[in-house]
Amino acid sequence: MRDAWAVLSDTQRVNRAGGLLPFDYVDHPQPDGTSRRTFRTKIKHLWAEGEEFTATWESPWMFDIRRTYTKGPFHAVIHRVEIEADGDGSVVRSQFWMVPRGLTGKIFIWGFGREVLPPMKAYLE
């Protein structure tokens, strides 16, 4: 299970395996001592920008990442990964919830399932 966690929790590496570009992050300190994290990335030929919220990391069995977008094909995306021990190996569940921004977002969601997920899956197997 820890081997699966080591691979899956490196989200930039998994994104690269799916052909996605890295996210450029900027942390904005807040007066109350917390921080806001904004990002910018390119998804195929469109720039996407928004805010990434504090992720949930429960090593070695679950994490989720939540983003809202101010620019790009989505309004919001949540990615959740769960890992369970299964004999000598692990069972991995990876779920995406995507809220499209108009027709462009709907087309991107369709393309994500066809173009991004298969190479990610192949990389992880």
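Arg 93 is partly exposed, at 36% relative accessibility (buried means under 20% relative accessible area, exposed over 50%, partly exposed in between, with a 1.4 Å probe and protein chains only). Glu 84 also counts as partly exposed, at 39%. These two residues form a salt bridge, and their closest N and O atoms are 2.8 Å apart. A salt bridge here is a side-chain nitrogen of Lys or Arg within 4 Å of a carboxyl oxygen of Asp or Glu.

The model is predicted: local features need pLDDT of at least 70, side-chain atom pairs count only at pLDDT 80 or more, and totals for chains, interfaces and linings use all residues. Residues are numbered from 1 along each chain as its sequence is written, and side-chain values use heavy atoms, with hydrogens and water left out.

Across the whole structure, the search finds eight salt bridges. One of them pairs Lys 44 with Glu 115, with 3.2 Å between the closest N and O atoms. Lys 44 sits in the loop between β2 and β3 (46-52), and Glu 115 in helix α3, so the pair ties together parts 71 residues apart in sequence. Helices (H or I, at least four residues) and strands (E, at least two) are DSSP runs, numbered from the N terminus. Lys 44 is exposed, at 52% relative accessibility. Glu 115 is partly exposed, at 43%.

Arg 37 forms a salt bridge with Asp 27. Here the closest N and O atoms lie 2.9 Å apart. Arg 37 is in strand β2 and Asp 27 in strand β1 (residues 24-29), 10 residues apart. Arg 37 is partly exposed, at 30% relative accessibility. Asp 27 is partly exposed too, with a relative accessible area of 43%.

The largest pocket has a volume of about 820 Å³. On a 1 Å grid over the protein atoms alone, a pocket is an open set of points where a 1.4 Å probe fits, with protein on both sides within 12 Å along at least five of seven lines; lining residues have an atom within 4 Å of a point. Grid points are joined across faces, edges and corners, and the volume is the space filled by probe spheres set on the points. The lining of the largest pocket holds 40 residues. Phe 96, Phe 112, Val 116, Leu 117 and Met 120 lie nearest the centre. Helix α3 gives the largest share of the lining, 12 residues. By type, the lining divides into 26 nonpolar, six polar and eight charged residues (Ala, Val, Leu, Ile, Met, Phe, Trp, Tyr, Cys and Pro count as nonpolar, Asp, Glu, Lys and Arg as charged, and the others, Gly among them, as polar).
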